[in-house]
Amino acid sequence: MEHVTCCVVGGGPAGVMLSVLLARAGVKVAVLEKHRDFLRDFRGDTVHPSTLRLLDELGLGRKFAELSGPELTEMRMRVAGETVVAANFGRLPGRHKHIRMVPQWDFLDLLAAAEPLDLRMGTEVTGLRRTDGRVTGVTYRDSDGDGELSADLVVACDGRDSVVRQAAGLRPDEFPLPMDVWQVRIPAPPHDERDGRVFGVFGNGQVAVTMDRGDYHQTSYLIPKGEDARLRARGLDWFRGRLAELFGWDGAVLDEIRSWDDVKLLETSMGRLPQWHVDGLLCLGDAAHTMSPVGGVGVNLAVQDAVAAARILAGPLSAGRVSTQDLAKVQKRREWPTRVAQRAQLGEHEMLLKPALEGTLTRVPPPLRAVQRFPLLAVVAAYLGGIGVRPEHAPAFARR
(Lines give C-alpha, C1' and ligand atoms only; values in the text may rest on other atoms or scores of the structure.)
Protein backbone atom coordinates (compact mmCIF):
# COMPACT_ATOMS: atom_id res chain seq x y z
CA MET A 1 0.00 0.00 0.00
CA GLU A 2 1.17 3.51 -0.76
CA HIS A 3 2.61 5.21 2.32
CA VAL A 4 3.38 8.82 3.22
CA THR A 5 4.74 10.29 6.41
CA CYS A 6 1.89 12.78 6.79
CA CYS A 7 -1.53 12.79 5.11
CA VAL A 8 -3.19 16.21 5.23
CA VAL A 9 -6.93 16.10 4.57
CA GLY A 10 -8.25 19.37 3.14
CA GLY A 11 -6.58 21.88 0.85
CA GLY A 12 -7.64 25.05 2.66
CA PRO A 13 -5.33 27.61 4.27
CA ALA A 14 -4.36 25.36 7.20
CA GLY A 15 -3.82 22.27 5.09
CA VAL A 16 -1.77 23.89 2.34
CA MET A 17 0.30 25.99 4.75
CA LEU A 18 1.10 22.95 6.90
CA SER A 19 2.07 20.95 3.81
CA VAL A 20 4.43 23.67 2.53
CA LEU A 21 6.15 23.96 5.92
CA LEU A 22 6.54 20.20 6.36
CA ALA A 23 7.79 19.83 2.79
CA ARG A 24 10.50 22.38 3.58
CA ALA A 25 11.47 20.21 6.54
CA GLY A 26 11.89 17.23 4.21
CA VAL A 27 8.74 15.41 5.37
CA LYS A 28 6.88 13.36 2.75
CA VAL A 29 3.38 14.85 2.68
CA ALA A 30 0.26 14.20 0.60
CA VAL A 31 -2.64 16.67 0.55
CA LEU A 32 -6.08 15.24 -0.29
CA GLU A 33 -8.65 17.84 -1.39
CA LYS A 34 -12.14 16.78 -2.48
CA HIS A 35 -12.69 19.70 -4.87
CA ARG A 36 -10.97 19.87 -8.24
CA ASP A 37 -9.87 23.48 -7.78
CA PHE A 38 -9.78 26.26 -5.18
CA LEU A 39 -12.46 28.38 -6.87
CA ARG A 40 -15.11 28.77 -4.19
CA ASP A 41 -16.74 32.10 -3.40
CA PHE A 42 -17.44 33.73 -0.04
CA ARG A 43 -14.56 32.05 1.71
CA GLY A 44 -12.31 33.83 4.18
CA ASP A 45 -10.48 36.32 1.98
CA THR A 46 -8.96 38.44 4.75
CA VAL A 47 -5.19 38.05 5.11
CA HIS A 48 -4.23 39.53 8.46
CA PRO A 49 -0.98 41.29 9.44
CA SER A 50 0.39 38.22 11.25
CA THR A 51 -0.10 36.12 8.11
CA LEU A 52 1.46 38.85 5.94
CA ARG A 53 4.51 38.79 8.22
CA LEU A 54 4.62 35.01 7.98
CA LEU A 55 4.62 35.20 4.17
CA ASP A 56 7.60 37.55 4.38
CA GLU A 57 9.44 35.03 6.57
CA LEU A 58 8.71 32.27 4.05
CA GLY A 59 10.07 34.37 1.18
CA LEU A 60 6.62 34.75 -0.37
CA GLY A 61 5.84 38.32 0.62
CA ARG A 62 6.90 39.90 -2.67
CA LYS A 63 4.86 37.49 -4.78
CA PHE A 64 1.85 37.94 -2.52
CA ALA A 65 2.14 41.72 -2.82
CA GLU A 66 1.72 41.33 -6.59
CA LEU A 67 -1.74 39.80 -6.15
CA SER A 68 -4.63 42.18 -6.65
CA GLY A 69 -6.72 43.20 -3.68
CA PRO A 70 -7.35 46.30 -1.58
CA GLU A 71 -5.83 47.05 1.80
CA LEU A 72 -8.20 47.60 4.71
CA THR A 73 -6.93 49.99 7.36
CA GLU A 74 -9.98 50.69 9.54
CA MET A 75 -13.07 49.04 10.91
CA ARG A 76 -15.82 51.64 11.25
CA MET A 77 -19.28 50.94 12.51
CA ARG A 78 -22.46 52.91 12.97
CA VAL A 79 -24.04 51.89 16.24
CA ALA A 80 -27.43 53.29 17.21
CA GLY A 81 -26.81 56.20 14.83
CA GLU A 82 -23.27 57.05 15.99
CA THR A 83 -20.06 56.27 14.06
CA VAL A 84 -17.23 54.54 15.91
CA VAL A 85 -13.73 53.66 14.64
CA ALA A 86 -13.59 50.26 16.32
CA ALA A 87 -10.21 49.14 14.95
CA ASN A 88 -7.32 51.15 13.49
CA PHE A 89 -4.71 48.99 11.76
CA GLY A 90 -2.66 51.98 10.58
CA ARG A 91 -0.82 52.24 13.90
CA LEU A 92 0.10 48.59 14.36
CA PRO A 93 3.75 47.72 15.00
CA GLY A 94 5.68 46.16 12.17
CA ARG A 95 5.65 46.52 8.41
CA HIS A 96 2.08 45.46 7.73
CA LYS A 97 -0.48 47.95 9.01
CA HIS A 98 -3.51 46.64 7.16
CA ILE A 99 -5.56 43.60 6.22
CA ARG A 100 -5.23 42.50 2.60
CA MET A 101 -8.37 41.38 0.81
CA VAL A 102 -7.22 38.67 -1.62
CA PRO A 103 -9.41 35.89 -3.06
CA GLN A 104 -8.67 32.73 -1.13
CA TRP A 105 -8.01 30.78 -4.32
CA ASP A 106 -5.18 33.20 -5.22
CA PHE A 107 -3.71 32.83 -1.73
CA LEU A 108 -3.86 29.02 -1.96
CA ASP A 109 -2.42 28.96 -5.48
CA LEU A 110 0.52 31.03 -4.24
CA LEU A 111 1.17 28.68 -1.33
CA ALA A 112 0.76 25.53 -3.42
CA ALA A 113 3.36 26.79 -5.90
CA ALA A 114 5.88 27.54 -3.15
CA GLU A 115 7.07 23.92 -2.97
CA PRO A 116 6.60 20.80 -5.12
CA LEU A 117 3.58 19.41 -3.25
CA ASP A 118 1.83 16.08 -3.66
CA LEU A 119 -1.52 17.88 -3.95
CA ARG A 120 -4.29 15.50 -4.99
CA MET A 121 -7.31 17.48 -6.11
CA GLY A 122 -10.63 15.71 -6.63
CA THR A 123 -9.75 13.17 -3.92
CA GLU A 124 -12.44 12.83 -1.26
CA VAL A 125 -11.53 11.19 2.02
CA THR A 126 -14.27 8.77 3.08
CA GLY A 127 -12.92 7.30 6.30
CA LEU A 128 -9.94 6.31 8.43
CA ARG A 129 -7.67 3.28 8.52
CA ARG A 130 -6.86 1.89 11.97
CA THR A 131 -4.37 -0.65 13.26
CA ASP A 132 -4.64 -1.79 16.89
CA GLY A 133 -6.73 1.28 17.70
CA ARG A 134 -4.29 3.76 16.14
CA VAL A 135 -5.16 5.83 13.06
CA THR A 136 -2.79 4.70 10.32
CA GLY A 137 -4.15 6.38 7.21
CA VAL A 138 -7.30 7.17 5.25
CA THR A 139 -9.68 5.69 2.73
CA TYR A 140 -10.60 7.88 -0.21
CA ARG A 141 -12.45 8.11 -3.50
CA ASP A 142 -11.13 9.75 -6.66
CA SER A 143 -11.77 9.50 -10.41
CA ASP A 144 -10.20 6.04 -10.45
CA GLY A 145 -12.44 4.69 -7.69
CA ASP A 146 -11.83 3.82 -4.05
CA GLY A 147 -8.38 3.64 -2.49
CA GLU A 148 -6.38 3.66 0.73
CA LEU A 149 -3.35 5.64 1.83
CA SER A 150 -1.15 4.69 4.77
CA ALA A 151 0.37 7.47 6.89
CA ASP A 152 2.32 7.92 10.10
CA LEU A 153 0.07 10.90 10.88
CA VAL A 154 -3.26 12.13 9.53
CA VAL A 155 -4.04 15.82 9.97
CA ALA A 156 -7.67 16.90 9.58
CA CYS A 157 -7.87 20.32 7.94
CA ASP A 158 -11.22 19.63 6.27
CA GLY A 159 -13.24 22.40 7.87
CA ARG A 160 -16.25 22.85 10.10
CA ASP A 161 -18.03 19.75 8.75
CA SER A 162 -14.89 17.61 9.01
CA VAL A 163 -15.41 14.04 7.82
CA VAL A 164 -12.15 13.02 9.48
CA ARG A 165 -13.12 14.48 12.84
CA GLN A 166 -16.42 12.61 12.73
CA ALA A 167 -14.74 9.34 11.72
CA ALA A 168 -12.36 9.71 14.66
CA GLY A 169 -15.30 10.03 17.06
CA LEU A 170 -14.35 13.55 18.15
CA ARG A 171 -17.25 15.86 19.04
CA PRO A 172 -16.90 19.62 19.56
CA ASP A 173 -18.54 21.55 22.35
CA GLU A 174 -20.96 23.93 20.60
CA PHE A 175 -21.71 27.57 21.49
CA PRO A 176 -25.13 29.06 20.62
CA LEU A 177 -25.08 31.83 18.01
CA PRO A 178 -27.84 34.40 17.43
CA MET A 179 -27.45 34.75 13.66
CA ASP A 180 -26.96 33.32 10.22
CA VAL A 181 -25.50 35.40 7.40
CA TRP A 182 -26.55 36.34 3.89
CA GLN A 183 -23.54 37.07 1.70
CA VAL A 184 -23.82 39.09 -1.50
CA ARG A 185 -21.61 41.09 -3.86
CA ILE A 186 -22.59 44.70 -4.53
CA PRO A 187 -20.87 46.73 -7.31
CA ALA A 188 -18.81 49.42 -5.64
CA PRO A 189 -20.72 52.69 -5.41
CA PRO A 190 -18.78 55.97 -5.44
CA HIS A 191 -18.54 56.62 -1.72
CA ASP A 192 -15.20 57.89 -0.42
CA GLU A 193 -16.00 57.31 3.25
CA ARG A 194 -15.87 53.56 2.89
CA ASP A 195 -12.95 53.20 0.48
CA GLY A 196 -10.29 50.99 2.08
CA ARG A 197 -12.44 50.28 5.11
CA VAL A 198 -14.72 47.77 6.70
CA PHE A 199 -18.02 49.42 7.54
CA GLY A 200 -20.70 47.92 9.77
CA VAL A 201 -24.17 49.06 10.76
CA PHE A 202 -25.76 47.89 14.02
CA GLY A 203 -29.20 48.87 15.27
CA ASN A 204 -32.91 49.17 14.52
CA GLY A 205 -33.28 45.41 14.12
CA GLN A 206 -30.55 45.16 11.49
CA VAL A 207 -26.87 44.24 11.24
CA ALA A 208 -24.77 44.40 8.09
CA VAL A 209 -21.06 44.66 7.33
CA THR A 210 -19.51 45.60 4.00
CA MET A 211 -15.85 45.30 2.98
CA ASP A 212 -14.19 47.22 0.20
CA ARG A 213 -13.02 44.74 -2.46
CA GLY A 214 -12.07 47.33 -5.05
CA ASP A 215 -14.67 47.00 -7.79
CA TYR A 216 -17.30 45.54 -5.47
CA HIS A 217 -18.33 45.43 -1.83
CA GLN A 218 -18.47 42.02 -0.16
CA THR A 219 -21.51 42.46 2.03
CA SER A 220 -22.78 40.36 4.90
CA TYR A 221 -26.35 40.88 6.09
CA LEU A 222 -27.11 39.16 9.37
CA ILE A 223 -30.45 37.48 9.99
CA PRO A 224 -31.80 35.79 13.14
CA LYS A 225 -30.75 32.15 13.39
CA GLY A 226 -32.93 29.83 11.33
CA GLU A 227 -34.96 32.63 9.68
CA ASP A 228 -33.63 32.23 6.11
CA ALA A 229 -36.76 30.79 4.47
CA ARG A 230 -39.18 33.15 6.22
CA LEU A 231 -37.22 36.27 5.28
CA ARG A 232 -36.64 35.22 1.67
CA ALA A 233 -40.40 34.94 1.32
CA ARG A 234 -40.57 38.73 1.72
CA GLY A 235 -39.00 39.13 -1.70
CA LEU A 236 -35.90 40.71 -3.21
CA ASP A 237 -37.35 44.21 -3.21
CA TRP A 238 -37.60 44.04 0.57
CA PHE A 239 -33.94 42.97 0.81
CA ARG A 240 -32.78 45.64 -1.63
CA GLY A 241 -34.66 48.23 0.43
CA ARG A 242 -32.91 47.12 3.61
CA LEU A 243 -29.47 47.56 1.99
CA ALA A 244 -30.47 50.93 0.58
CA GLU A 245 -31.53 52.06 4.06
CA LEU A 246 -28.32 50.83 5.68
CA PHE A 247 -25.70 52.00 3.19
CA GLY A 248 -27.40 54.58 1.00
CA TRP A 249 -26.85 52.57 -2.18
CA ASP A 250 -29.06 53.53 -5.12
CA GLY A 251 -31.41 51.33 -7.09
CA ALA A 252 -29.10 50.89 -10.07
CA VAL A 253 -26.47 49.30 -7.85
CA LEU A 254 -28.91 47.12 -5.93
CA ASP A 255 -30.62 45.92 -9.12
CA GLU A 256 -27.45 43.88 -9.65
CA ILE A 257 -28.95 41.50 -7.08
CA ARG A 258 -30.98 39.76 -9.78
CA SER A 259 -32.30 36.75 -7.87
CA TRP A 260 -32.03 34.99 -4.53
CA ASP A 261 -29.35 32.80 -6.14
CA ASP A 262 -27.06 35.83 -5.76
CA VAL A 263 -27.60 35.78 -1.98
CA LYS A 264 -25.69 32.93 -0.35
CA LEU A 265 -26.61 31.61 3.09
CA LEU A 266 -23.92 30.92 5.66
CA GLU A 267 -25.36 28.87 8.52
CA THR A 268 -23.04 29.93 11.30
CA SER A 269 -21.68 27.69 14.01
CA MET A 270 -19.06 27.95 16.73
CA GLY A 271 -17.47 25.11 18.62
CA ARG A 272 -14.22 23.73 19.99
CA LEU A 273 -12.97 20.21 20.48
CA PRO A 274 -12.11 19.36 24.10
CA GLN A 275 -9.33 17.20 22.63
CA TRP A 276 -7.90 17.91 19.20
CA HIS A 277 -6.26 14.54 18.65
CA VAL A 278 -6.34 10.78 18.95
CA ASP A 279 -3.41 8.44 18.42
CA GLY A 280 -2.24 9.02 14.84
CA LEU A 281 -4.56 11.96 14.08
CA LEU A 282 -4.63 15.70 14.75
CA CYS A 283 -7.33 18.30 13.97
CA LEU A 284 -6.44 21.87 13.03
CA GLY A 285 -8.30 25.02 11.97
CA ASP A 286 -12.07 24.77 11.68
CA ALA A 287 -11.87 21.00 12.19
CA ALA A 288 -10.66 21.74 15.73
CA HIS A 289 -12.41 25.03 16.44
CA THR A 290 -15.21 26.50 14.35
CA MET A 291 -15.23 30.28 14.53
CA SER A 292 -17.98 32.85 14.20
CA PRO A 293 -17.58 35.05 11.08
CA VAL A 294 -17.18 38.06 13.40
CA GLY A 295 -13.83 39.73 12.72
CA GLY A 296 -12.88 37.31 9.95
CA VAL A 297 -10.28 35.66 12.19
CA GLY A 298 -10.92 32.03 11.22
CA VAL A 299 -8.38 31.86 8.38
CA ASN A 300 -5.73 33.62 10.44
CA LEU A 301 -6.16 31.20 13.35
CA ALA A 302 -6.05 28.20 11.00
CA VAL A 303 -2.77 29.40 9.47
CA GLN A 304 -1.31 29.97 12.93
CA ASP A 305 -2.35 26.43 13.92
CA ALA A 306 -0.50 25.08 10.89
CA VAL A 307 2.70 26.96 11.72
CA ALA A 308 2.73 25.73 15.31
CA ALA A 309 1.99 22.16 14.22
CA ALA A 310 4.81 22.20 11.65
CA ARG A 311 7.35 23.51 14.15
CA ILE A 312 6.38 21.00 16.85
CA LEU A 313 5.88 17.93 14.63
CA ALA A 314 8.55 18.24 11.92
CA GLY A 315 11.18 16.57 14.12
CA PRO A 316 9.04 13.65 15.32
CA LEU A 317 7.68 13.10 11.78
CA SER A 318 11.19 13.03 10.33
CA ALA A 319 12.20 10.53 13.00
CA GLY A 320 9.10 8.38 12.38
CA ARG A 321 7.95 8.67 15.99
CA VAL A 322 4.88 10.89 16.47
CA SER A 323 3.31 10.32 19.87
CA THR A 324 0.07 11.55 21.39
CA GLN A 325 2.27 13.71 23.64
CA ASP A 326 3.57 15.49 20.53
CA LEU A 327 0.03 16.09 19.31
CA ALA A 328 -1.00 17.35 22.74
CA LYS A 329 1.80 19.94 22.54
CA VAL A 330 0.16 21.42 19.44
CA GLN A 331 -3.19 21.72 21.19
CA LYS A 332 -1.55 23.22 24.28
CA ARG A 333 0.20 25.81 22.12
CA ARG A 334 -2.90 26.82 20.13
CA GLU A 335 -5.85 26.28 22.46
CA TRP A 336 -5.37 29.44 24.51
CA PRO A 337 -5.31 31.79 21.46
CA THR A 338 -8.42 30.01 20.21
CA ARG A 339 -10.21 30.45 23.52
CA VAL A 340 -9.32 34.16 23.61
CA ALA A 341 -10.62 34.71 20.06
CA GLN A 342 -13.84 32.80 20.69
CA ARG A 343 -14.45 34.61 23.96
CA ALA A 344 -14.03 37.95 22.17
CA GLN A 345 -16.49 36.84 19.46
CA LEU A 346 -19.06 35.70 22.01
CA GLY A 347 -18.69 39.02 23.81
CA GLU A 348 -19.38 40.91 20.58
CA HIS A 349 -22.42 38.71 19.96
CA GLU A 350 -23.86 39.66 23.35
CA MET A 351 -22.79 43.32 23.25
CA LEU A 352 -23.79 44.14 19.65
CA LEU A 353 -25.23 41.45 17.41
CA LYS A 354 -27.95 40.02 19.60
CA PRO A 355 -29.41 43.34 20.84
CA ALA A 356 -29.11 44.86 17.35
CA LEU A 357 -31.04 41.99 15.77
CA GLU A 358 -33.63 42.14 18.56
CA GLY A 359 -34.05 45.90 18.10
CA THR A 360 -32.98 46.70 21.67
CA LEU A 361 -29.65 48.38 20.84
CA THR A 362 -30.49 52.02 21.55
CA ARG A 363 -27.06 53.45 22.43
CA VAL A 364 -23.35 52.79 21.97
CA PRO A 365 -22.28 50.10 24.50
CA PRO A 366 -19.75 51.22 27.16
CA PRO A 367 -16.74 49.34 25.65
CA LEU A 368 -17.24 51.11 22.33
CA ARG A 369 -17.86 54.39 24.10
CA ALA A 370 -14.41 53.96 25.68
CA VAL A 371 -12.91 53.41 22.22
CA GLN A 372 -14.52 56.69 21.10
CA ARG A 373 -12.95 58.50 24.04
CA PHE A 374 -9.51 56.84 23.88
CA PRO A 375 -8.50 56.17 20.22
CA LEU A 376 -5.51 54.09 21.31
CA LEU A 377 -8.02 51.36 22.24
CA ALA A 378 -8.86 51.09 18.52
CA VAL A 379 -5.21 50.16 17.94
CA VAL A 380 -5.41 47.55 20.70
CA ALA A 381 -8.52 46.10 19.06
CA ALA A 382 -6.72 46.02 15.70
CA TYR A 383 -3.76 44.22 17.31
CA LEU A 384 -5.96 41.57 18.91
CA GLY A 385 -7.89 41.01 15.68
CA GLY A 386 -5.06 41.40 13.18
CA ILE A 387 -2.15 39.81 15.04
CA GLY A 388 -3.73 38.10 18.02
CA VAL A 389 -2.31 36.61 21.15
CA ARG A 390 0.63 34.24 20.75
CA PRO A 391 1.27 34.87 17.03
CA GLU A 392 3.40 32.24 15.32
CA HIS A 393 6.59 32.79 13.34
CA ALA A 394 7.91 30.56 10.56
CA PRO A 395 10.22 27.85 11.89
CA ALA A 396 13.88 28.24 10.96
CA PHE A 397 13.82 25.30 8.54
CA ALA A 398 11.07 26.96 6.47
CA ARG A 399 12.50 30.47 6.14
CA ARG A 400 13.73 31.74 2.83
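This is a predicted model: local features need pLDDT of at least 70, side-chain atom pairs count only at pLDDT 80 or more; totals for chains, interfaces and linings use all residues.
View 1. Residues are numbered from 1 along each chain as its sequence is written, and side-chain values use heavy atoms, with hydrogens and water left out.

**View 2. Helix H10 has a kink centred on His 349.** H10 covers residues 324-358, and the kink is about 45 degrees. Helices (H or I, at least four residues) and strands (E, at least two) are DSSP runs, numbered from the N terminus. The bend at a residue is the angle between axes fitted to the seven residues ending there and the seven starting there.

**View 3. Three strands make an open, antiparallel sheet in the order E3-E7-E4.** Strand E3 (46-47) and strand E4 (71-72) are the edges, and each pairs on one side only. E4 and strand E7 (residues 99-101) pair antiparallel over two bridges. Two strands pair if DSSP finds at least two bridges between them. Leu 72 stands opposite Ile 99 in E7.

**View 4. Cys 7 is too far from the closest cysteine sulfur for a bond.** That sulfur belongs to Cys 6, 7.2 Å away. A disulfide is a pair of cysteine sulfur atoms within 2.5 Å. The whole structure has zero disulfides. Cys 157 is in none either; its nearest cysteine sulfur, that of Cys 6, is 8.3 Å away. Cys 7 is buried, with a relative accessible area of 0%. Cys 157 is buried too, at 10%. Buried means under 20% relative accessible area, exposed over 50%, partly exposed in between (1.4 Å probe, protein chains only).
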